[in-house]
Amino acid sequence: MVAVFDDDTRYIALSAAFLYAAVIFSFLGGLWWGLAVTNPKAPQWVYGIAVVPSLLAVVSGIPWMIGTTWPGPSLALLGIALIAALWIDFRLNRLGMMPVWMLRLRIILSTGLGLTTLALAAL
């Protein structure tokens, strides 16, 4: 966080935060896919929703790629998406596809990274 407040390294720090949040969000989709693949009774919608995090991570980088306003909006999108992803985690838990211990871990990790990413978006 200290690097964010140094003008010389602010952009590098925010870029690293964006990359980390995008990679972790993409990983979350892989987690959902893995839970579905290992459960023969998994509903088909899980496979579709599992690709959304990777697609959203790429889309959130488009403003940076085309030189428009960045990184605030991109970080905000990822922060909100990380927290909103808990809805899928709760659904998977109710379907018996995600164990309670994993749901508890997901709540801590998604909330922590999501709020941190939102805080960085405000800088």
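**A buried charged pair**

Mentor: Arg106 and Asp89 are both buried. Buried means under 20% relative accessible area, exposed means over 50%, and partly exposed is in between, using a 1.4 Å probe and protein chains only.

Trainee: Before we go on, what kind of model is this, and how is it numbered?
Mentor: This is a predicted model: local features need pLDDT of at least 70, side-chain atom pairs count only at pLDDT 80 or more, and totals for chains, interfaces and linings use all residues. Residues are numbered from 1 along each chain as its sequence is written, and side-chain values use heavy atoms, with hydrogens and water left out.

Trainee: Back to Arg106. What does Arg106 form with Asp89?
Mentor: A salt bridge, with the closest N and O atoms 3.4 Å apart. The term means a side-chain nitrogen of Lys or Arg within 4 Å of a carboxyl oxygen of Asp or Glu.

Trainee: Which helices does the pair tie together?
Mentor: Arg106 lies in helix H7 (residues 100-121) and Asp89 in helix H6 (residues 86-94), so the pair links parts that are 17 residues apart in sequence. Helices (H or I, at least four residues) and strands (E, at least two) are DSSP runs, numbered from the N terminus.

Trainee: How many salt bridges does the count come to?
Mentor: One.

Trainee: And charges overall, how many positive and how many negative side chains?
Mentor: There are 6 positive and 4 negative, and the centres of the two sets lie 29 Å apart. Lys and Arg count as positive, Asp and Glu as negative; His and the chain ends are not counted. Each charge is placed at NZ of Lys, CZ of Arg, CG of Asp or CD of Glu.

Trainee: Let's zoom out. How many helices and strands does the chain have?
Mentor: Seven helices and zero strands. Along the sequence the pattern reads α-α-α-α-α-α-α.

Trainee: What box do the C-alpha atoms fill?
Mentor: Roughly 50 × 30 × 15 Å, taken along the principal axes. Of the 123 residues in the chain, 39% are buried.

Trainee: What about contacts between residues 24 or more positions apart?
Mentor: They account for 68% of the chain's contacts with a separation of 6 or more. Contact means heavy atoms within 4.5 Å.

Trainee: Which residues form the nonpolar patch on the surface?
Mentor: Trp33, Val37, Val51, Val52 and Leu55, with about 440 Å² of accessible area together. Patches are made of residues with over 30% relative accessible area and no salt bridge; like charges are joined within 9 Å, nonpolar side chains (Val, Leu, Ile, Met, Phe, Trp, Tyr) within 5 Å.

Trainee: Which helices supply at least two of the patch residues each?
Mentor: Helix H1 (10-37) and helix H3 (52-60). Val51 sits in the loop between helix H2 (45-50) and H3. Val51 is partly exposed, because its relative accessibility is 38%.

Trainee: And Val52, where does it lie?
Mentor: In helix H3. Val52 is partly exposed too, at a relative accessible area of 36%.

Trainee: Last one, Lys41. Where is Lys41 found?
Mentor: In the loop between H1 and H2. Lys41 counts as exposed, at 77% relative accessibility. Lys41 and Gly96 are 55 residues apart along the chain, yet their C-alpha atoms are separated by 9.8 Å.

Note on methods
Accessible areas come from the Shrake-Rupley method with a 1.4 Å probe; for residues, only the protein chains shown count as cover.
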